[in-house]
Amino acid sequence: MADLAQPLAARTPWRALAWGTAGLVAIMVGAIAIWTGIPGLQNFLLVFNSLMIEAAPFVLLGALVSAAIEVFVPATAFERLTRLPEPLQLPASGLAGLAFPVCECGSVPVARRLAAKGLSPAAAVTFMLAAPILNPIVLVSTVVAYRGRDVMVPMVAGRAVLGLVAAMAVGWVIGGRAPGSILKPRPEDEHHHGEEGTRSARFFGHLAGDFSFMARFLVLGAAVAAAMQTFVPQSVLGAIANTPIVNLAAMMGLAFVLSLCSESDAFVAASFVQFGPASQLAFLVFGPMVDTKLGFLYAATFTRGFFRTVVVIVAAVTLVGTLWLEVLLG
Amino acid sequence: MSWSPMRLLTSAVLTAWAVLFWFLILGGRTSLYLSARTDWIVPVGAILMTIAAIGRLLTSRTAHAEPFGARDAVRTAVVAIPIVAVLALPPTSLGTYAASRRSTFVSGGIAADPASIATGRLDLADVAGALRSNEGAKALADRAGTEVTFVGFVARERGMPADQFQLTRFLISCCVADALSVQVRVVGATPGELEKDEWVRVRGSIYPLGREIVLDAREIDKVDRPKRPYLNT
């Protein structure tokens, strides 16, 4: 194997260099187009860059926690959690989000690592989905966004409760599946499992592997989200704001497209006054669990059926919960 | 022990990310992408990326050759695309194109505090946000004719008289992706003098007219784009 790898390693950097150069040339051509003043393209890059600049450190932070769990935490550490009575495991995993101020980008690698280290996949997924909603920064930003409005308490409480319920529902459906049935194998893992040397070498190996794996799907997701933000006017939604159920689905669709960080989405949700509080809540619950950039991250991390399960269950719980709120608030 | 090309490439990408974050800090470009509330992310990112890059570089030697193909190289290089995009984009901020497609702070957003509108200096977000509540609108109506100074860029709607424009500014909570526009209609501008997206400082008196706020301009000066082009919540 080493004999085969050596000539390949010696040969391929030149091909990589050629690919890289071609990519750079294409981007430079794009940059020239920007300088000639194409506002749509400039707008796209501003949104794309800002999403990446904001999210990349969180992805690295998630990779750092994930690598630390892999290298420094013994597998037996999670046995205690799995010894909890089953009905308590999912709520405990969801509520653990209160203590972890991680956004949705950072929670994916952490959950993956937790499942790989022996925590039940159901508990790891419940944590992954609940943490971006239940973390204290998100709850405070929701309070700030709705401060001074009558619906502030229902919005904050509704977001936390519905988020937790939706996360637990997904965990419950996943049930006792083995990690291998929901986690996709990754070529990076094979590289790093074979990585010899000190703990620090293994730590940086996993850190770099997790970051470059997650970041490239974040690039795709941010590009799609930026394109939608740039080329689809937000005003097109105004026409359906007063149609029951459709208004809820529309705001969920918008959350999917915009791919906002859960720490800022409350301010945007609050701006859609043509939609009622229930529709805004649908935006706030659905978005942190299912959006464009997360779709790419989930697709890369989990098996094909997983994303479908998350979308169906989170959408169903969000729709039912927000319909109740619509009825209660009139 | 020999150098692993894959590990070196990953280290190079992490180094490029670290350089990007240091570039944003040293070039003063953070405010073009993030709000004052979230700009701490950039120095944290710079430090973390630097540590990760150095750590990966120091652990890049291996006793056995590791497989490394063009596919690995391309996959890793994709992560560097945003770096080139940031470095290639000239320092710019959202303009009229975005204003025509995004929600406005006036049509939604966060209600301004009526008490702060009733007294003291009025700023653009106060004035626009006042229309979100009856109390805010009333407090602003009581201050009709008040002298204000606002900075924003020029946006024009189709059919607008030549001596008018929308003084526009974006308000962000976390990053540019959540921007909402704030607009005030300026009257009394010299026709043909101002181009769209040009930054101006307007001094004049404000007059709330229904759901719109008119700024009767006494003085309009062209200015450079502010260091922080976006207002923050």
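**A helical chain A and a spread-out chain B**

Helix 15 of chain A, spanning residues 292–301, is largely enclosed by the rest of the structure, because 7 of its 10 residues are buried. The residues tucked away in helix 15 are T292(A), K293(A), L294(A), F296(A), L297(A), Y298(A) and T301(A). And what covers them? The cover for the buried residues of helix 15 includes helix 5 (104–116), helix 11 (199–231), helix 12 (246–258) and helix 16 (304–329), again from chain A.

All of this comes from a predicted model. The model scores ipTM 0.92 and pTM 0.78. For chain B, the mean pLDDT comes out at 87, with 94% of the residues reaching 70 or more.

Back to chain A as a whole. Chain A is built with 16 helices and 0 strands. Of its 330 residues, 53% are buried. Take the contacts in chain A between residues at least 6 apart in sequence: 83% of these join residues at least 24 apart.

Helix 12, part of the cover over helix 15, is worth a stop of its own. L248(A) sits in helix 12 of chain A. Is L248(A) buried or exposed? With 28 other C-beta atoms within 10 Å, L248(A) is buried, since 20 or more is what a buried residue needs. Setting aside neighbours within four places in sequence, the contacts of L248(A) are A278(A), S279(A), A282(A), L319(A), T322(A) and L323(A). As for L323(A), 75 residues away from L248(A) along the chain, the two C-alpha atoms are separated by 8.1 Å.

I245(A) belongs to the loop between helix 11 and helix 12 of chain A. I245(A) counts as exposed because 12 other C-beta atoms lie within 10 Å, and the cut-off for exposed is 12 or fewer.

Next, the inside of the structure. The largest nonpolar core holds 170 residues, and the ones with the most contacts inside this core are V59(A) and L218(A). Helix 2 of chain A (residues 39–72) gives the most to the core, with 19 residues.

Now for chain B. In terms of elements, chain B has 8 helices and 8 strands. Its radius of gyration is 24 Å, while the globule rule gives 17 Å for 233 residues; the value for chain B is well over that, so the chain is more spread out than a compact globule. Its C-alpha atoms fill a box of roughly 80 × 40 × 25 Å along the principal axes. Buried residues account for 48% of the 233 in chain B. Among contacts in chain B between residues at least 6 apart in sequence, 68% link residues at least 24 apart.

How is chain B divided up? The domain assignment gives domain 1 (2–91) and domain 2 (97–232). Taken over C-alpha atoms, the centres of these two domains of chain B are 39 Å from each other. The domains do touch: 9 residues of domain 1 are in contact with 10 residues of domain 2. On the domain 1 side of that meeting place, the residues split into 4 nonpolar, 4 polar and 1 charged.

T190(B) lies in the loop between strand 5 (180–187) and strand 6 (199–209). T190(B) counts as exposed because there are 10 C-beta neighbours inside 10 Å. Between the C-alpha atoms of T190(B) and A217(B) there are 10.0 Å, with the two residues 27 apart along the chain. D197(B) is also found in the loop between strand 5 and strand 6 of chain B. D197(B) has 19 C-beta neighbours inside 10 Å, so D197(B) counts as partly exposed. Phi of D197(B) is positive, at about 75 degrees, although D197(B) is not a glycine.

Key: Residues numbered from 1 in each chain as written. Chains lettered and ligands numbered in written order. Predicted model: local features only at pLDDT ≥ 70, side-chain atom pairs only at ≥ 80, totals over all residues. pLDDT = per-residue confidence, 0-100. Core = buried A, V, L, I, M, F, W, Y, C linked by C-beta atoms within 7 Å. Helix = DSSP H or I, 4+ residues; strand = E, 2+ residues; numbered from the N terminus. Contact = placed C-beta atoms within 7 Å. Domains from an automatic or database assignment. Nonpolar A, V, L, I, M, F, W, Y, C, P; charged D, E, K, R; others polar. Rg over C-alpha atoms; globule rule 2.2 N^0.38 Å.
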